[in-house]
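Hi everyone, thanks for making time this morning. Please have a look at the structure on the screen, and I'll walk you through a few spots in it.

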Amino acid sequence: MLSVVRVHLPSEIPIVGCELTPYVLLRRPDKTVSTDDVPETAPLDGHFLRYKWYRVQSDKKVAVCSIHPSEQATLQCLGCVKAKIPVSKSYHCTTKCFSDAWQHHRVLHDRAASALNENGNEEEEVFGRFNSTGSGATNSSLSASASSASLTNGSATPLYPAAITQRSGETWFEVGRSKTYTPTADDIGHVLKFECVAVDAETKLPVGHVNTILTSRVIPAPSPIPRRLIPVDGMAHLDVDGRMTSSGTFTVLSYNVLSEAYASNDLYNYCPSWALSWPYRRQNLLREIIGYRPDIICLQEVQSDHYDEFFSPELDKHGYHGLYKRKTNEVYSGNTNTIDGCATFFRRDRFSHVKKYEVEFNKAAQSLTEATIPTTQKKTALNRLVKDNVALIVVLEAKVNNQPFDNAGKRQLLCVVSSSMFISS
């Protein structure tokens with residue numbers, strides 16, 4: 001019989017807009033264990049897995065700190081309230097938190113005053129753009145309302161019962177019926193509960209133990225502090241839309257996105273686990289990359305599955321074509337889907353792809369040591385140089401008005417190189 005052995009979440013702290021995907025270990029009828037899903041549409045030996053998500057709301061309303069969203073707020077900036085700034089931005093966990101954040105926080109007050117003077121009551125629109133994090137954290141999001149009853153969140157059934165059960169001042173609202181769930185603004189400050197059980201396909205009744213897991217309180221996606229760009233002398237000026245004004249110029253963005261395989265708590269023990277999770281980081285990465293609207297994008301430490309399932313399809317929606325070079329398997333051991341590499345994207349309206357070259361530094365290192373390094377030192381040299389690094393070389397041709405140059409003699413070719421080269425001492 002099909003049964004659930006164990007369930008757990010990669011991160012205990014859920015974040016608004018970041019999909020939650022539980023790890024479900026099940027025992028199949030042949031006694032083997034697996035993490036494969038068994039949906040109602042494809043039952044196994046007459047059984048399938050049923051999932052449900054609940055929002056656990058208490059009578060007590062909870063406000064979270066705007067700077068440290070995993071902490072409960074203890075004070076509120078009355079200036080924000082007076083300026084009609086979204087209430088979620090007014091909360092802080094300690095006086096030190098408020099003092100440390102004041103230089104950035106007062107920008108909200110200045111923008112609110114400016115918006116009120118210029119646009120009447122349009123400050124809400126202004127701050128919507130300023131805080132475009134997808135968190136949707138507004139005043140109403142902190143209230144214990146049942147407004148999410150119309151959410152589908154992965155289910156074909158749009159409406160859920162208003163309240164499932166109530167005990168000790170807590171009410172459980174059913175908010176999802178799929179394996180994954182994406183927290184919304186209505187979940188902020190509340191605990192989520194995931195429920196998984198094997199069900200008889202014929203009777204639709206649960207069979208065996210119901211496995212449940214509770215999360216910490218849902219937090220809004222933190223607003224990253226805007227980067228301060230430094231102009232470089234001799235470069236062309238940016239126009240009002242952020243584009244280069246001089247003809248023949250282009251913008252390049254290079255970004256080490258930190259492979260999920262390397263984003264461990266052991267290596268980054270100063271960083272909270274929820275901030276290391278890939279669902280949280282990927283939305284921030286995409287927002288920042290697209291925000292700069294570069295003509296060419298060079299990414300390093302891109303996992304092969306992340307390139308196929310996320311970067312390539314998402315950047316394609318914004319007009320980019322991508323090329324990828326994965327590291328070799330000579331040094332790396334583990335899941336081949338998590339091997340990282342280099343990716344280069346370019347705007348299809350500005351460039352066309354001419355040629356692609358791939359470099360594997362392991363082979364270059366082996367050739368170098370064979371030719372120039374004494375035999376007694378070869379092992380040491382190879383240990384230092386053979387790091388499974390690669391480089392991706394892409395030759396592009398510039399376009400004018402989204403068209404290639406008519407005159408072959410005026411072709412403008414560009415060579416772009418992205419490398420994962422790293423040598424440790």
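This is a predicted model: local features need pLDDT of at least 70, side-chain atom pairs count only at pLDDT 80 or more; totals for chains, interfaces and linings use all residues.

Residues are numbered from 1 along each chain as its sequence is written, and side-chain values use heavy atoms, with hydrogens and water left out.

Where does Lys327 lie? You'll find Lys327 in the loop between β13 and β14; strands here are DSSP runs of E, at least two residues long, numbered from the N terminus. Setting aside neighbours within four places in sequence, Lys327 has contacts (heavy atoms within 4.5 Å) that include Tyr262, Asp340, Asp388 and Ser420.

Now to β14 itself, residues 340-347, where eight of eight residues are buried. Strand β13 (residues 320-326) pairs with β14 in the antiparallel sense over seven bridges, and pairing needs at least two DSSP bridges between the strands. In that pairing, Gly322 faces Phe345. Strand β12 (residues 296-303) is also an antiparallel partner of β14, over six bridges, with Leu299 opposite Ala343.

Let's move to the rings. There are 13 aromatic pairs in the structure, where rings of Phe, Tyr and Trp (its six-membered ring) pair if their centres lie within 6.5 Å; planes under 30 degrees apart count as stacked, over 60 as edge-to-face and the rest as tilted. One I like is Trp53 with Phe194: the centres are 4.8 Å apart and the planes at 45°, so this pair is tilted. It links distant parts of the chain, with Trp53 in β4 and Phe194 in β9 (residues 191-200), 141 residues apart. Trp53 is buried at 0% relative accessible area, and Phe194 is buried at 0% as well. Tyr51, Trp53, Tyr181 and Phe194 make up one aromatic cluster.

Which residue stands opposite Trp53 in β8? That is Gly176. Strand β4 (residues 47-58) pairs with β8 in the antiparallel sense over six bridges, and six of the seven residues of β8 (170-176) are buried.

Notes:
Buried means under 20% relative accessible area, exposed over 50%, partly exposed in between (1.4 Å probe, protein chains only). Helices (H or I, at least four residues) and strands (E, at least two) are DSSP runs, numbered from the N terminus.
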